[in-house]
Amino acid sequence: MAIQTLLGALNEALHSEMERDDRVVVLGEDVGKVGGVFRVTEGLQAKFGEERVIDTPLAENGIIGAAIGMALYGLRPVPEIQFVDFIYPAFDQIVSELAKFRYRSGGQYPAPVVVRTPYGGGIKGGHYHSQSPEAFFVHTAGLQVVIPSTPADAKGLLTSAIRGEDPVIFLEPKRLYRTLKGEVPDGEHLVPIGQARVVREGNDLTLIGYGAMMQECLDAAERAVKEGIDVELIDLRTLMPFDWKAIQASVVKTGRIVIVHEAPRTCGFGAEIAALVAERAILHLEAPVRRVAGFDTPFPYTLEKLYMPDAPRVLDAIRETAAF
Amino acid sequence: MSMREITYRDALNEALHEEMARDPSVLVLGEEVALYEGAYKVTRGLLARFGERRVKDTPIAEEVIAGSAIGAAMGGLRPVAEMMTWNFAILAFDQIINHAAKIRYMFGGRVKLPLVIRGPQGGGKQLAAQHSQSVETWLAHCPGLKVVCPSSPADAKGLLVTAIRDDDPVMFLEHEILYNAKGNVPEGEIAVPFGQAAIVHQGSDVTIITYSLMTLKALKAAEELERDGIHAEVIDLRTLVPLDMEAVLASVRKTNRALVVQEGWPVCGMASEIAARIQEDAFDDLDAPVRRLTGKPVPMPYNRILEAQAVPQVPDIVAEVRRLAA
């Protein structure tokens, strides 16, 4: 085990996978010479050359379109979209092409593309550098959606994503890139896609989060436990496929759920969890499933701290749900 | 007000004619909307009556259609942009999500964006994975957009009039299957307000919440269930943003059972949002799980039989309601 930043863990996964499999290629804006705007791809071009680490024009549709073509040809491209807020010019390539190729070709052409991209607020980036659009991709049939919250998971999930046969939207919590450090297993480390992690076991209430919000959830859970509410904390890690069994097992035990995300509330992932639980496990519920989410407004620049759920807001929801 | 029966297509066409006659700042643009009068003939007669300056054929470039409409709206006009289908509007999603939805907010409310983007969506015509999608969930998840899904000719006309007069960007989603559907539409000016659902079938046993084409299927299901003595209340949401949850909750408090039906993909869909809100705000009123009946999470199949299986059909709705009522 070594202590690493989340960013360092991602960089390590890219280095190891490129070394292991020469079909893995990286492409994107400034990923080569500069090593990426956040330096996630640092050192790759020096080590693997310009043929496998490609600086592209500022053209997201082109980046994803080229990656799809490479994947159909047998490569394993890992394109980077500099900020997920810029992914919309490539939305057509992603939902109309990437998500559908395997299905449309009757399984003849899997499209193993991993689209890596930083998401989320907390860096005073305003509304073009702070969005959390995971629900767009979770809603789209044919895509996997992964969001790590720790350095170890960042390495393990990115490795699994690159080795998978299906397209993955890999969302990286950019505000944790350098601020979060943790133990990362040395050598090969794989975290399976579709398995949540029970971060803390508890009996009174299930708190569900993912990505950058896990830091707020950890903080809120700790405070709630001090108040006598025995919180079970779950990190979903992958939103599609998501680990319904882990959620169900926890609901059956606690009967109370709070789900946290920074994306807007309407049609966010919290809506799906609430709907699923209301559909499949309502008899176990002691209280309505409570959503703590971003607001249904564009991401604000000055009101960023108010917009994003924080530990006190999560704690309020925990208290109210526990007392329902 | 006297009524006559016209198609959904003609109702939309009437709304465009009337609003363009009423307000010279209204203009129409899109692929083949002028000379050819629209791929689905919704813009019939507009070029002849209002001329090339107000009815514009554009290149096949959805991003440009949306982008220039946004610019026109910022400049004080009231553009109505047609997307040949919403499937192609996905190419304009950056303009819609990052610009149309955010401009009013970015300028602290000092710039209005009276823009309508309209076009057909949905499946049922064997047009396969890239021409049969339902996009409303993506749009509803993007704050700053209003989302409208009419199911009848009267609502198509009345909601389009309201959309054109609205000062915010309105995403107007017509269903491809409904263009030839006929219904009673009042003569003369009608405006259907946003945020008001319609109870299209009264009932006391189960509430079916739906919109667009699925409203017609839910109505057929309700009639069939009526024969078995099961009284389903059918709510047509009409607009998804703003969403009339008061109407939904009032009905659920009466029936204590809810089924949400939508054509599109399930995960994080509109049905998920509605189910989530019902369990949040009517938890103690529920006598059964909130059920969702949605399209399957697959790209839309081309094969006719598979396509029919990929979206909810009348017998599926009937079966779900029976299960819920029991």
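This is a predicted model: local features need pLDDT of at least 70, side-chain atom pairs count only at pLDDT 80 or more; totals for chains, interfaces and linings use all residues.
# Helices, sheets and domains in chains A and B

Helix 9 of chain A crosses helix 10 of chain A in the right-handed sense. In chain A, domain 1 covers 2-184 and domain 2 covers 197-323; in chain B, domain 1 covers 3-186 and domain 2 covers 198-325.

**The crossing of helix 9 and helix 10 in chain A**

- Helix 9 of chain A spans residues 244-254 and helix 10 of chain A spans residues 269-280; their axes come within 11 Å and cross at roughly 60°.
- Because of that angle, helix 9 of chain A counts as oblique to helix 10 of chain A.
- On the helix 9 side of chain A, the residues in contact are A:Trp244, A:Ile247 and A:Val251, and they meet A:Ile273, A:Leu276, A:Val277 and A:Arg280 of helix 10.
- Sorted by class, this contact between helix 9 and helix 10 of chain A has 6 nonpolar residues, no polar ones and 1 charged.

**The five-stranded sheet of chain A**

- Chain A has an open sheet of 5 strands in the order 9-11-10-13-14, and its pairing is mixed.
- Strand 9 (197-200) and strand 14 (290-294) of chain A are at the edges; each has a single partner strand, so one side of each has no neighbour in the sheet.
- From one strand to the next, the twist of this sheet averages 25°.
- Within chain A, strand 10 (residues 205-209) pairs with strand 11 (residues 231-235) in the parallel sense, over 5 bridges.
- Opposite A:Leu207 stands A:Leu233, a residue of strand 11 of chain A.
- Helix 8 (residues 213-226) of chain A lies across strand 9, strand 10, strand 11 and strand 13 (257-264) of chain A, and it runs at about 170° to strand 11 of chain A.

**Backbone details in the loops of chain A**

- A cis peptide bond leads from A:Met240 to A:Pro241, with omega near 0°.
- A:Pro241 sits in the loop between strand 12 (238-240) and helix 9 of chain A.
- A:Cys267 has a phi near 60°, which is a positive value in a residue other than glycine.
- The loop that holds A:Cys267 is between strand 13 and helix 10 of chain A.

**The seven-stranded sheet of chain B**

- In chain B, 7 strands form an open sheet with mixed pairing, in the order 3-2-4-5-7-6-12.
- Its edge strands are strand 3 (55-57) and strand 12 (239-241) of chain B, each of which pairs on one side only.
- On average, neighbouring strands of this sheet are turned by 20° against each other, direction ignored.
- Helix 3 (residues 62-74) of chain B packs on the sheet and touches strand 2 (26-30), strand 4 (78-82) and strand 5 (116-121) of chain B.
- The direction of helix 3 makes about 170° with that of strand 4 of chain B.
- Strand 6 (residues 146-148) and strand 7 (residues 170-175) of chain B pair in the parallel sense over 3 bridges.
- B:Val148 has B:Phe172, in strand 7 of chain B, as its bridge partner.
- Helix 8 (residues 153-165) of chain B lies across strands including strand 2, strand 6 and strand 12 of chain B, and it runs at about 160° to strand 7 of chain B.

**The crossing of helix 9 and helix 13 in chain B**

- The axes of helix 9 (residues 213-227) and helix 13 (residues 314-325) of chain B come within 8 Å, crossing at roughly 55°.
- Helix 9 of chain B is therefore oblique to helix 13 of chain B, and the crossing of these two is right-handed.
- From helix 9 of chain B, B:Lys217, B:Ala218, B:Lys220, B:Ala221, B:Glu224 and B:Leu225 meet B:Val314, B:Ile317, B:Val318, B:Val321 and B:Arg322 of helix 13.
- By class, the contact of helix 9 with helix 13 of chain B has 7 nonpolar residues, no polar ones and 4 charged.

**A cis proline in chain B**

- B:Val241 and B:Pro242 are joined by a cis peptide bond, with omega about 0°.
- B:Pro242 lies in the loop between strand 12 and helix 10 (245-255) of chain B.

**How the domains meet**

- In chain A, the C-alpha centres of domain 1 and domain 2 are 26 Å apart, and 28 residues of domain 1 contact 26 residues of domain 2.
- In chain B, the C-alpha centres of domain 1 and domain 2 lie 26 Å apart, with 27 residues of domain 1 in contact with 24 residues of domain 2.

Terms used. Residues are numbered from 1 along each chain as its sequence is written. Chains are lettered from A and ligands numbered from 1 in the order in which they are written. Side-chain values use heavy atoms; hydrogens and water are left out. Two strands pair if DSSP finds at least two bridges between them. Helices (H or I, at least four residues) and strands (E, at least two) are DSSP runs, numbered from the N terminus. Axes are lines fitted to C-alpha atoms, for helices over the stretch in contact, and angles run from 0 to 180 degrees between N-to-C directions. Contact means heavy atoms within 4.5 Å. Angles under 35 degrees count as roughly parallel, over 145 as roughly antiparallel, 65 to 115 as roughly perpendicular and the rest as oblique. A crossing is left-handed if the near helix is turned anticlockwise from the far one by less than a right angle, and right-handed if clockwise. Ala, Val, Leu, Ile, Met, Phe, Trp, Tyr, Cys and Pro count as nonpolar, Asp, Glu, Lys and Arg as charged, and the others, Gly among them, as polar. Domain bounds come from an automatic or database domain assignment.
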